[in-house]
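Please keep the sequence and the structure in view while reading.

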Amino acid sequence: MTRFLSFSVFIILILGACEAFVLKPRNLSVSWPKGKPARAFLASAGVMVAYAILIPYLGYAPSTFLASASLLRFIGGYRWLICLLSGAGLAVAFHVIFGMWLQMPFPLGVFGI
């Protein structure tokens, strides 16, 4: 296993060196998004900040539900019903996988889940 990891790190370093010293960069212009993409970007950044703040208080599963539903709405533009159902599914799946199967300790929050 350690041979595989050291080989992987070696390959990543070689590819990074090729990117830095061998390949010529393309002239791409980068600009700040405007309009709807800018609002989606700022809203998603706000959701992530709120998620980090809410996890200790609400707990992992409820915070993940709110964050994933909000991100699906702001970034994907899906209807709220689809976002809420998908967010609930993601929160339950993550809780089962990480909280129950892998037994990772997450903040329980006020709901105890």
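Which helices each supply at least two residues of the lining of the largest pocket? They are α2 (36-58) and α3 (60-76). Helices here are DSSP runs of H or I of at least four residues, strands are E runs of at least two, and both are numbered from the N terminus. The model is a predicted one, in which local features need pLDDT of at least 70 and side-chain atom pairs count only at pLDDT 80 or more, while totals for chains, interfaces and linings use all residues. Residues are numbered from 1 along each chain as its sequence is written, and side-chain values use heavy atoms, with hydrogens and water left out.

Rolling a probe the size of a water molecule over the atoms shows where empty space is left. A pocket is an open set of points on a 1 Å grid over the protein atoms alone, where a 1.4 Å probe fits, with protein on both sides within 12 Å along at least five of seven lines; lining residues have an atom within 4 Å of a point. The largest pocket has a volume of about 150 Å³, a volume being the space filled by probe spheres set on points that are joined across faces, edges and corners. Its lining consists of Lys 36, Arg 39, Ala 40, Ala 43, Arg 73, Phe 74, Ile 75 and Gly 77. With 4 residues, α2 gives the most to this lining. By class, the lining has 4 nonpolar, 1 polar and 3 charged residues; Ala, Val, Leu, Ile, Met, Phe, Trp, Tyr, Cys and Pro count as nonpolar, Asp, Glu, Lys and Arg as charged, and the others, Gly among them, as polar.

The overall fold comes next. The protein has 4 helices and 0 strands, in the order α-α-α-α from the N terminus on. Its radius of gyration, taken over C-alpha atoms, is 20 Å, whereas a compact globule of 113 residues would be near 13 Å; the globule rule is 2.2 Å times the number of residues to the power 0.38. Along the principal axes, the C-alpha atoms fill a box of roughly 55 × 45 × 25 Å. Of the 113 residues, 18% are buried, where buried means under 20% relative accessible area, exposed over 50% and partly exposed in between, with a 1.4 Å probe and protein chains only.

The largest nonpolar core is made up of 5 residues: Val 47, Tyr 51, Ile 55, Tyr 60 and Ala 67. Both α2 and α3 supply at least two residues of this core, and the largest share, 3 residues, comes from α2. Such a core is a set of buried Ala, Val, Leu, Ile, Met, Phe, Trp, Tyr and Cys residues joined through side-chain atoms within 4.5 Å. Leaving out residues up to four places away in sequence, Ala 67 touches Val 47 and Tyr 51; contact means heavy atoms within 4.5 Å.

Ser 44 lies in helix α2 and counts as buried, at 14% relative accessibility. Beyond four places in sequence, Ser 44 is in contact with Leu 71 and Ile 75. Phe 65, in helix α3, is partly exposed with a relative accessible area of 24%. Gln 103 is in the segment after α4 (80-101) and is exposed, at 64%.
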